[in-house]
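Please look over the sequence and the 3D structure shown below.

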Amino acid sequence: MKLLALETANEHCSVSLIDDVQELYFQLDERPKAQTQTILPLTEQALLQTQTQLADLAAIAFSRGPGSFSGVRINAAVAQALAWSQDLPVIPVSSLQALAQAAYRLTGLHQVTAVLDARMQEVYIANFSLDENGIMHAVDEEKLLNYEQATAYRKFTAIGSGSELIKPNQIDSQEASILKTSATEIRATAQDIATIARIYAVQKKWVDAEHALPVYLRDDAWKKIPEQSKAN
């Protein structure tokens, strides 16, 4: 089984290709907001270097949001197009879950509160705990909250781009020594999408390409683009 994983929901772009037991390809392009220029070339490179055809894939996984409006939209569109071309199933992965998985990969923490800066004095937030398969799963709903609401909603050590926007608590001081990387610098890549997708593929937790839709949490996200640009 081979899986292709795409991540453009944040300001960077990465692609991973895995099989049942190992990572066959991974590449991260850290240039900010260059997803439209890099996602397809990285995908082509992944297939070429691993001598894989799209038809060889069991599924395509992508970060479905929440996150950057344009980044989430690009990710969903590319995943849909590739899947449609070969009638492949798609595995949408929450960008907050992927962020929590990245925190486990980088720090070893088994419980985290994933927080992404949503601009306009708000954050995307959810709490996660590690399961028996080594996968971070949400223990509550993903939310779009203001800073005060998010502070009350958090359960564990906050990580991600929005972690410093909410007030610290005692958990942070207790586990600060574990964090070798700054909490705000932890970010998900296609590696984390692939790790989650490998388990979901075995369980056949996938959808048809037409249902591979982005999740914004902010219902009127398209109206907010000018405001988000001002906030950046």
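The sections below cover the model, the sheet and its helices, the salt bridges and the aromatic rings.

## The model

This is a predicted model, in which local features need pLDDT of at least 70, side-chain atom pairs count only at pLDDT 80 or more, and totals for chains, interfaces and linings use all residues. Residues are numbered from 1 along each chain as its sequence is written, and side-chain values use heavy atoms, with hydrogens and water left out.

## The sheet

Helices (H or I, at least four residues) and strands (E, at least two) are DSSP runs, numbered from the N terminus. Two strands count as paired if DSSP finds at least two bridges between them. Five strands make up an open sheet with mixed pairing, in the order 3-2-1-4-5. Strand 3 and strand 5 (90–94) are the edge strands, each pairing on one side only. From one strand to the next, the twist averages 15°.

Strand 1 (residues 3–7) pairs with strand 2 (residues 13–18) in the antiparallel sense, over five bridges. Ala5 has Ser16 in strand 2 as its bridge partner.

## Helices on the sheet

Contact here means heavy atoms within 4.5 Å. Axes are lines fitted to C-alpha atoms, for helices over the stretch in contact, and angles run from 0 to 180 degrees between N-to-C directions. Helix 1 lies across strand 1, strand 2 and strand 3, and runs at about 20° to strand 2. Helix 6 also packs on the sheet, where it touches strand 1, strand 2, strand 3, strand 4 and strand 5. The direction of helix 6 makes about 140° with that of strand 1.

## Salt bridges

Side chains of opposite charge can pair when their charged atoms come close. A salt bridge is a side-chain nitrogen of Lys or Arg within 4 Å of a carboxyl oxygen of Asp or Glu. How many salt bridges does a search of the whole structure find? The search finds eight. One of them joins Arg187 and Glu30, with the closest N and O atoms 2.4 Å apart. Arg187 is in the loop between helix 5 (170–175) and helix 6, and Glu30 is in the loop between strand 3 (23–29) and helix 1 (35–49), so this pair ties together parts 157 residues apart in sequence. Buried means under 20% relative accessible area, exposed over 50%, and partly exposed in between (1.4 Å probe, protein chains only). Arg187, at 27% relative accessibility, counts as partly exposed, and so does Glu30, at 47%.

A salt bridge also joins Glu142 and Arg64 (3.1 Å, N to O). Glu142 lies in the loop between strand 8 (136–138) and strand 9 (143–146) and Arg64 in strand 4 (residues 59–65), so the pair ties together parts 78 residues apart in sequence. Both Glu142 and Arg64 are buried. Arg218 and Glu122 meet in another salt bridge (2.4 Å, N to O). This pair links distant parts of the chain, 96 residues apart: Arg218 is in the loop between helix 6 and helix 7, and Glu122 is in strand 7 (residues 122–130). Arg218 is buried at 4% relative accessibility, whereas Glu122 is partly exposed at 23%.

## Aromatic rings

Rings of Phe, Tyr and Trp (its six-membered ring) pair if their centres lie within 6.5 Å; planes under 30 degrees apart count as stacked, over 60 as edge-to-face and the rest as tilted. The structure holds one aromatic pair. Phe69 and Tyr216 form this tilted pair, 4.8 Å centre to centre with 35° between the planes. Phe69 counts as buried, at 10% relative accessibility.

A charge sits over a ring if NZ of Lys or CZ of Arg is within 6 Å of the ring centre and within 35 degrees of the ring normal. Lys155 lies over the face of Tyr153, 5.6 Å from the ring centre.
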